[in-house]
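Welcome! Take a moment to look over the sequence and the structure, and then we will walk through a few places together.

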Amino acid sequence: MTASGGALSVEVCTDGHTFAALAEDWERLYRACPSATPFQSHAWLHSWWLSYGRAGALRLVLVRRGGELVAAAPLMRVRRPLPALVPIGGAITDFCDVLLDEEVGVPGAAALADGLAGLARTALVDFGEVRPGGAMERVYLCWRGPRHRTSDSVCLDLPAVPMGELVGRLPVGRARRIRSKVNQLGRLGLEWRVVPHDETEAAVRRLLELHRLQWEGRRVSAEHLRPRFLEHLVRAAVPLARTGEAATTEFVLDGSVVAVNVMLLSGQLAGMYMYGFHPQLRDRKVDVATMLLHAASGHLETAEHPLPRQVRTLSMLRGDEPYKYRWCPRTAVNQRFLLARRRTLPLLAAAVAEDAARRRAKKLLRAPSGSASADGAPPTADTR
């Protein structure tokens, strides 16, 4: 399907091989979109599609100007619980968004809206987990049919500053305790290093094995134990590490790797995506959250980043687990955009009603907050 408007043309791609061939064009567009995170990179999205995509479901809305890709909406068609178009990336992707070259601005957003409108004749556009300030906000403002905007997952963010400044923001007593935990890391002789990109695959495999040990005997996300998740994370992390947009950190104690962390980096944001650690760190009374933040802040302070913008935010990504709040984070609430046409208005009404019911149920069933565990991780569940 192709439609033209001025100098911009819109097409919908449904072929996985064509998606693979878009890598170079997608990369240029990704770097031209200020709000993009590594979750919008071709490396992440195409890898996800290879692991999780379904035949016949791909829907990429592509906007071109003179052959150059200037906007894109990565979507897939689902049938349950409602016929809908949802972002590629699924539950393992913390931020979803469209890509919009800053130079095309409102016309580009309007062209994406027109492309989505054609798809919305038979399915609801349900675009969730958009970070505040995301490019999808501009598409929403251009939408000419029924629409609804609501909140989605809570994310907790810290300023991307050295560890001393991070701790200095805290109440005096808490800051004193965390400084003591940092000093303990030195006394134990625990060291860390960011692995070279050509060692990323081995480090990620080690991470997931440590993650399995970390959660052994406790409720864990089953997806993290599946081969397809391992294949996706390796396939995405290696090229992102090569461009400096992923940093895989290994922590060594007594000559052995006892923890591994993957952090994703964009021009403005660093996201602490996933970690795994050996249970012996609990036995040694290591505060894992302090260890991870100490290393992350050190990396951001010293690393040379490939993008011209400055990393300002160190995000703990989705989830409002109690242990995160001891760092006095800022709250950033992701957004969910529902877009429909007249024929699909009943689908929009059903989605809004379901969202309201879910919020009421969550409010009624919400249990009192538990305390953080000694290692600074959620005490009972891996909930990504």
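## A buried threonine

With a relative accessibility of 6%, Thr249 counts as buried, because buried means under 20%. Keep in mind that this is a predicted model.

Where does Thr249 sit? Thr249 belongs to strand S10, which covers residues 246–253. Leaving aside residues up to four places away in sequence, Thr249 touches Trp192, Arg193, Val194, Ala259, Val260, Asn261 and Ala295.

Next, find helix H12, residues 345–365. Helix H12 has 21 residues, and from its first C-alpha to its last it reaches 30 Å. That is close to the 30 Å expected at 1.5 Å a residue.

Which residues of H12 are buried? They are Leu347, Leu348, Ala351 and Asp355. Looking down the axis of H12, you would see these buried residues fall within an arc of 100°, so they line one face of the helix.

## Helix H9 meets helix H3

Now turn to helix H9, residues 227–242, and helix H3, residues 42–52. These two helices pack at an angle of about 160°, and their axes are 9 Å apart. H3 and H9 are therefore roughly antiparallel to each other, because angles over 145 degrees count that way. H3 passes H9 in a right-handed crossing.

Which residues make the contact? From H3 come Ala43, Trp44, Ser47, Trp48, Leu50, Ser51 and Tyr52. From H9 come Arg228, Phe229, Glu231, His232, Leu233, Arg235, Ala236, Pro239 and Leu240.

## Helix H9 meets helix H8

H9 also packs with helix H8, residues 200–214. Here the angle is about 140°, with the axes 9 Å apart. H8 and H9 are therefore oblique to each other. The crossing of H8 and H9 is right-handed.

On the H8 side, the residues that meet H9 are Thr200, Glu201, Val204, Arg205 and Leu208. Their partners in H9 are Phe229, Leu230, Leu233, Val234, Ala237, Val238 and Ala241.

Conventions
Residues are numbered from 1 along each chain as its sequence is written. This is a predicted model: local features need pLDDT of at least 70, side-chain atom pairs count only at pLDDT 80 or more; totals for chains, interfaces and linings use all residues. Side-chain values use heavy atoms; hydrogens and water are left out. Helices (H or I, at least four residues) and strands (E, at least two) are DSSP runs, numbered from the N terminus. The expected span of a helix is 1.5 Å times one less than its number of residues. Buried means under 20% relative accessible area, exposed over 50%, partly exposed in between (1.4 Å probe, protein chains only). The arc is that of the directions from the helix axis to the C-beta atoms. Axes are lines fitted to C-alpha atoms, for helices over the stretch in contact, and angles run from 0 to 180 degrees between N-to-C directions. Angles under 35 degrees count as roughly parallel, over 145 as roughly antiparallel, 65 to 115 as roughly perpendicular and the rest as oblique. A crossing is left-handed if the near helix is turned anticlockwise from the far one by less than a right angle, and right-handed if clockwise. Contact means heavy atoms within 4.5 Å.
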